[in-house]
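Biologist: Could you walk me through this two-chain model before I start working with it?
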Amino acid sequence: MTLLTFLPLSALIVIFALGVILNRHPIRSALCLAVTLFLLAVMFVFLDAHLVAALQIIVYAGAILVLFLFVIMLLNLEADIPQRRRRNLTIAATAAGLVFAGVALRPFLGSDAGLPGVGMSGPVPDTFGTAAAIGQRLFTHFVLPFEVTSVLLLVAVLGAVVLAKKKIG
Amino acid sequence: MVPATYYIALSVLLFVIGAIGFLIRRNLIVMFMSIELMLNAANLAFVAFARHQLSMDGQVIVFFVMTVAAAEVAVGLAILIALFRHRETLNADEVRMLRW
């Protein structure tokens, strides 16, 4: 991936991410989020993470976004009323965000020299990021977290059903 | 080739946008979407580091992050539905029973 593709792609990602938090209507926020997630999937493809890119579209842009849109339409939310200006809060949040960005980026300023690893320009093995390779890693080295994940999903399913139920018992 | 630093910068930017959105918006659903933005920023950093080190562990972690995000959204939206049923509102300022 060259700068010529990276910069427009990241600019689009940032614009649509801003659209998520600045749109007054939740539906528009959700649609902006869909575009952001899709563009991130494109970014993952350029980073040789093919399975992750596919999962990103299926799980995020598919399942999670549909859930969001479904709830927004189910609750029939209208646009937020433009309430009293909360300029102070916005300024404080933005300042805090910029400070955080500065602190988080400080170790990475300059070149990649400090980062361990082979770098972005070297050749990539054919199996890198494929379903077979990730599955192998997942079912050997990460098999315990994988099993814990299944418990998490079970609890989430039960919790969602119980919470959304009208009357229990 | 784009250095890894650029991806980290984009990831931090996305995370900060999500954090600011969480702080300035009062609509609980939009706050939820901001959390998703932050999770995705972390995913981007993981994938970039995985590529930089040519190690697939980062991509496996992304898999787990997605699972946790899906579980979180399912439970969170169920809570929002229950909340809306009781209070007829999704404004975070109007839900103050557990605040001091």
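Modeller: What follows goes through the chains, their contact and one residue. This is a predicted model, in which local features need pLDDT of at least 70, side-chain atom pairs count only at pLDDT 80 or more, and totals for chains, interfaces and linings use all residues. Residues are numbered from 1 along each chain as its sequence is written, while chains are lettered from A and ligands numbered from 1 in the order in which they are written.

Biologist: How many helices and strands does chain A have?
Modeller: Chain A has six helices and zero strands, where helices (H or I, at least four residues) and strands (E, at least two) are DSSP runs numbered from the N terminus.

Biologist: And chain B, what is the order of its elements?
Modeller: From the N terminus the order in chain B is α-α-α, with three helices and zero strands in total.

Biologist: What share of each chain is buried?
Modeller: Buried residues are 22% of the 169 residues in chain A and 58% of the 100 residues in chain B. A residue counts as buried if 20 or more other C-beta atoms lie within 10 Å of its own, as exposed if 12 or fewer do, and as partly exposed in between, with C-beta atoms placed from the backbone.

Biologist: How many residues does each chain bring to the contact?
Modeller: The contact takes 71 residues from chain A and 60 residues from chain B, two residues being in contact if their C-beta atoms, placed from the backbone, lie within 7 Å. On the side of chain A that touches chain B, H3(A) gives the most, with eleven residues. By class, that side of chain A has 54 nonpolar, 13 polar and four charged residues; Ala, Val, Leu, Ile, Met, Phe, Trp, Tyr, Cys and Pro count as nonpolar, Asp, Glu, Lys and Arg as charged, and the others, Gly among them, as polar.

Biologist: How do H5(A) and H3(B) cross?
Modeller: The axes of H5(A) and H3(B) come within 10 Å and cross at roughly 75°, the axes being lines fitted to C-alpha atoms, for helices over the stretch in contact, with angles from 0 to 180 degrees between N-to-C directions. H5(A) is therefore roughly perpendicular to H3(B), since angles of 65 to 115 degrees get that name, those under 35 are roughly parallel, those over 145 roughly antiparallel and the rest oblique. Ile134(A), Arg137(A) and Leu138(A) of H5(A) meet Asp57(B), Gln59(B), Val60(B) and Phe63(B) of H3(B).

Biologist: Switching topic, is Ala78(B) buried or exposed?
Modeller: Ala78(B), which is found in helix H3 of chain B, is buried, because 20 other C-beta atoms lie within 10 Å. Leaving aside neighbours within four places in sequence, Ala78(B) is in contact with Gly159(A), Ala160(A), Leu163(A) and Ala164(A).
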